[in-house]
Amino acid sequence: MRDVAASGGMGRLQKVRRAWLCGQMKTKINNHFIMNSQMVFLHEFLKNPFQVASIIPSSRFLERHIVKLAEARSAQTVVELGAGIGGTTRAILGAMAPDAKLLSIEINPRFCALLHRIQDPRLTVHCGGAQELRETISLYGLPAPEVVVSGIPFSVIEPGVGPKIVETISSVLVSGGRFVAYQISKHVEELSHPLLGPARVEMELLNIPPLRLYRWDKQIAFSES
Ligand SMILES: C[S@@+](CC[C@H](N)C(=O)[O-])C[C@H]1O[C@@H](n2cnc3c(N)ncnc32)[C@H](O)[C@@H]1O
């Protein structure tokens, strides 16, 4: 009897030990994946600095700030432009409702491959340019978004492309929807002000480099009676 009890005790101990080892393994694999993704980000920045526009991905502080300013929690359809290796994507998904949808558009194929590894039925990853925003939304049969979040570098993008993207964002957003951009440069303000009016501007100092966050609210259209 004592042996059985003892072996039962050992079994439990072994189970606890196995669970602990599994946890350790998972943490190691996750850390390895994060390190690898960050190396990919740095590598792609060195290859194409004007397109990637940042030497490292956004900090957790910036990710949280973006989600809060965009009020992603209350949106049914969110579009993300320039998703990178997916930190901002995961942060948005973390806040979104279980039945909401996120369309993440990214131009860099290596980043797209990492984004495709995010297992979430609410997420659609599109590998392509933000300049095809309208076509991409209809390609996936999504409704007009309440939120567009963008990290693409408007100040260094090809001439003519930035204004076209902002024009499209402003026209695809639902009435009362919001556009949130996180940028080093103020160029996005010059592009968006004529279409969306003055922005609410906030700073995130706990990011390398510190960044400005802009939020525009598309005016609510009142139908004529
Ligand atoms: C500053 S990084 C932001 C990445 C990520 N969202 C983050 O916060 O860590 C800008 C991203 O925009 C992407 N990008 C640049 N131009 C783009 C375009 N025209 N269309 C879509 N993505 C673009 C870059 O490849 C890069 O991943």
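1. The model under review is a predicted one.

2. Contact between the two involves seven residues of domain 1 and 11 residues of domain 2. On the domain 1 side, the touching residues comprise four nonpolar, two polar and one charged.

3. Helix H1 spans residues 2-47, and asparagine 31 is found in this helix. Is asparagine 31 buried or exposed? Asparagine 31 has 10 C-beta neighbours inside 10 Å and therefore counts as exposed, the limit for that class being 12 or fewer. Its C-alpha atom is separated by 44 Å from that of isoleucine 220, which stands 189 residues apart from asparagine 31 along the chain.

4. A packed pair of helices is described by the angle between the axes and by the distance between them. For helix H3 (residues 60-70) and helix H4 (residues 87-95), the axes come within 9 Å and cross at roughly 45°. H3 and H4 are therefore oblique to each other, since an angle under 35 degrees would be needed for roughly parallel and 65 to 115 for roughly perpendicular. The crossing of H3 past H4 is right-handed.

5. Which residues of H3 and H4 meet? From H3 come Glu63, Arg64, Ile66 and Val67, and from H4 come Gly87, Thr88, Ala91, Ile92 and Ala95. By class, the residues of this contact of H3 with H4 are five nonpolar, two polar and two charged.

Note on methods. Residues are numbered from 1 along each chain as its sequence is written. This is a predicted model: local features need pLDDT of at least 70, side-chain atom pairs count only at pLDDT 80 or more; totals for chains, interfaces and linings use all residues. Axes are lines fitted to C-alpha atoms, for helices over the stretch in contact, and angles run from 0 to 180 degrees between N-to-C directions. Helices (H or I, at least four residues) and strands (E, at least two) are DSSP runs, numbered from the N terminus. Angles under 35 degrees count as roughly parallel, over 145 as roughly antiparallel, 65 to 115 as roughly perpendicular and the rest as oblique. A crossing is left-handed if the near helix is turned anticlockwise from the far one by less than a right angle, and right-handed if clockwise. Ala, Val, Leu, Ile, Met, Phe, Trp, Tyr, Cys and Pro count as nonpolar, Asp, Glu, Lys and Arg as charged, and the others, Gly among them, as polar. A residue is buried if 20 or more other C-beta atoms lie within 10 Å of its own, exposed if 12 or fewer, and partly exposed in between; C-beta atoms are placed from the backbone.
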